There are 2 protein chains.
Amino acid sequence: MGTTQLESVPEPKYWHLKTVIGEALDSEFEVGEILPNERELAARFGVARATLRQALEQLELEGRLQRRRGVGTTVAPPRVGVDVSTAQHQWPGAGEDTWQAVDCTSLVPPVAVARLLDLHADHDAEAGAEPVGPVYAVRRLRATHGQAVAAEQLYVPAASVPGLIVTPAMTGQALARGVLRELQRLPLEGQDRAVELGSARADDAKELDRLPGAPVLVVTTRYLSEGRTAAVSVATYRADTCRLTFGDVGDLQIAS
Amino acid sequence: MGTTQLESVPEPKYWHLKTVIGEALDSEFEVGEILPNERELAARFGVARATLRQALEQLELEGRLQRRRGVGTTVAPPRVGVDVSTAQHQWPGAGEDTWQAVDCTSLVPPVAVARLLDLHADHDAEAGAEPVGPVYAVRRLRATHGQAVAAEQLYVPAASVPGLIVTPAMTGQALARGVLRELQRLPLEGQDRAVELGSARADDAKELDRLPGAPVLVVTTRYLSEGRTAAVSVATYRADTCRLTFGDVGDLQIAS
DNA sequence: TAGTGGTCTAGACCACTCC
DNA sequence: GAGTGGTCTAGACCACTAC
């Protein structure tokens with residue numbers, strides 16, 4: 001053991017790069033400022049472009065950079081706190097809302113959603129009991145400060161909106177509003193929620209101004225009424241720009 | 001316009017690969033089953049290994065695959081639902097808990113945490129008012145089904161645990177338990193919470209059995225007592241294996 | 001020691017934005 | 001058309017695991 005310990009745990013280059021660039025962002029750059037392009041940066045640090053990109057990808061994942069094809073890489077503003085709390089036990093669309101209903105179609109829900117809609121809170125789900133048919137699928141978008149932050153698919157079985165009158169002349173948006181309005185007539189008993197990491201589907205990505213596969217936070221909400229699951233919402237939030245809040249923290253982000 | 005529309009939006013190869021492999025996982029593989037190695041798969045699909053890896057990375061991000069160096073790529077089990085709800089307004093460590101306190105040190109908190117600790121709920125934070133000195137930093141680990149799912153750093157100012165008696169002979173773990181015990185003497189008025197995407201720091205990664213930079217869900221909790229922020233918790237959950245629940249959904253995951 | 005995934009290179013071409 | 005980030009290739013070597 002006469003040798004000096006050189007690099008007992010040699011740090012990957014991209015990890016070191018990430019640290020160096022991250023520190024430079026804090027001290028030498030302003031929010032919105034544009035960085036040198038990738039080829040320039042790679043040359044400056046003496047690494048291959050792919051290696052540099054690995055570092056930039058991490059920084060983008062952490063919400064510190066924003067990259068746009070054809071434009072460049074800019075320093076991202078701090079993440080926006082988006083309230084996702086069970087606000088006053090409301091149905092979606094009730095009260096003043098940051099959501100905007102854009103469309104509504106009728107479709108057979110994905111199996112995972114169908115299973116959630118099948119679950120009855122008051123008795124065991126019997127195998128094969130009442131297969132879930134087509135449901136209303138309301139499409140909504142959420143914006144904050146002029147920026148689209150989330151796209152939602154709200155699944156509402158026809159049974160949950162018995163009073164809904166559908167005319168052939170109705171546009172998708174009018175139908176969406178009608179479904180939301182009727183939904184609010186039901187007594188809302190509770191909701192439960194789950195958050196997980198996902199990657200944006202092509203349609204969500206387009207509306208969130210991201211590339212397909214971009215990381216998103218998927219918030220699944222089950223709305224309970226009269227012992228049943230009256231509706232299921234699957235909302236995808238931009239993971240790079242959003243911090244989901246369940247209360248009133250709202251002020252600062254904790255980087256990791 | 002006499003040409004047939006060929007590929008108006010040519011799909012990237014890795015995106016197509018991800019779809020193909022994802023479907024194969026559903027139909028041809030069991031949970032825990034080991035996939036062919038990356039060189040083999042790349043050859044089979046006629047792409048470079050880097051391209052194949054891009055597809056595998058996405059599937060891992062979505063919690064559908066698990067990759068371990070030196071071992072191989074296996075089909076991941078469905079994500080575990082982990083309850084993160086504001087359970088009965090409890091202090092950390094109260095009641096039966098899935099958390100295990102492992103250590104406690106005294107340190108100067110990161111600036112972001114310091115700012116959260118500075119914020120007083122009952123009056124405006126005056127600039128320069130009472131700078132935050134060293135705080136107790138309790139380290140805890142959370143396990144489910146024998147699997148480590150989260151690592152937490154709990155920051156507790158000494159002012160929040162005035163009754164704590166520290167002896168030089170105390171181990172880190174004993175000190176951690178002491179801090180938690182004293183914390184529970186304070187009246188807990190509320191807590192608020194935020195969830196965002198991050199990447200695992202080296203120490204967290206090690207305890208979560210992941211590589212540094214692995215995607216994690218960072219849950220920041222502020223504990224309020226007597227109009228002050230009595231403690232701040234920063235917990236990092238494995239994003240690949242966890243689904244955070246805020247209620248009692250718990251049964252199924254919605255893939256995206 | 002053999003086999004795995006992780007890192008890295010030095011190129012190439014493509015899709016997009018802006019001028 | 002010039003410049004950007006996004007995709008892709010065909011290699012190489014390294015770190016880790018298991019036998």
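## Exercises on the A–B interface

**Exercise 1.** Determine how many residue pairs are in polar contact across the interface of chain A and chain B, both at pLDDT 80 or more.

*Solution.* On the side of chain A that touches chain B, the elements giving two or more residues are α1 (13-28), α3 (49-61), α4 (111-118), β7 (190-199), β8 (215-225) and β10 (242-245) of chain A (DSSP runs: helices H or I, at least four residues; strands E, at least two). Of these, β7(A) contributes the most, eight residues. Sorted by class, this side of chain A holds 24 nonpolar, nine polar (Gly among them) and twelve charged residues.

The model is predicted: local features need pLDDT of at least 70, side-chain atom pairs pLDDT 80 or more, while totals for chains, interfaces and linings use all residues. Residues are numbered from 1 along each chain, chains are lettered from A in the order written, and side-chain values use heavy atoms, without hydrogens and water.

**Exercise 2.** State how many residues each chain gives to the contact and what area is buried.

*Solution.* Chain A supplies 45 residues and chain B 45 residues, with contact meaning heavy atoms within 4.5 Å. Together the chains bury about 3800 Å², 64% of it on carbon and sulfur atoms (accessible area lost, 1.4 Å probe, summed over both parts).

**Exercise 3.** Identify salt bridges across the interface and the strand that joins β7(A) from chain B.

*Solution.* Two salt bridges are found (side-chain nitrogen of Lys or Arg within 4 Å of a carboxyl oxygen of Asp or Glu). One links Arg79(A) and Glu196(B), at 2.7 Å, N to O. Strand β10 (residues 242-245) of chain B runs antiparallel to β7(A), joined by two bridges; pairing requires at least two DSSP bridges. Within β10(B), Leu244(B) is the bridge partner of Val195(A).

Conventions: Buried area = accessible area lost by both parts, 1.4 Å probe. Polar contact = N/O pair within 3.5 Å; in protein donor to acceptor, adjacent residues only side chain to side chain.
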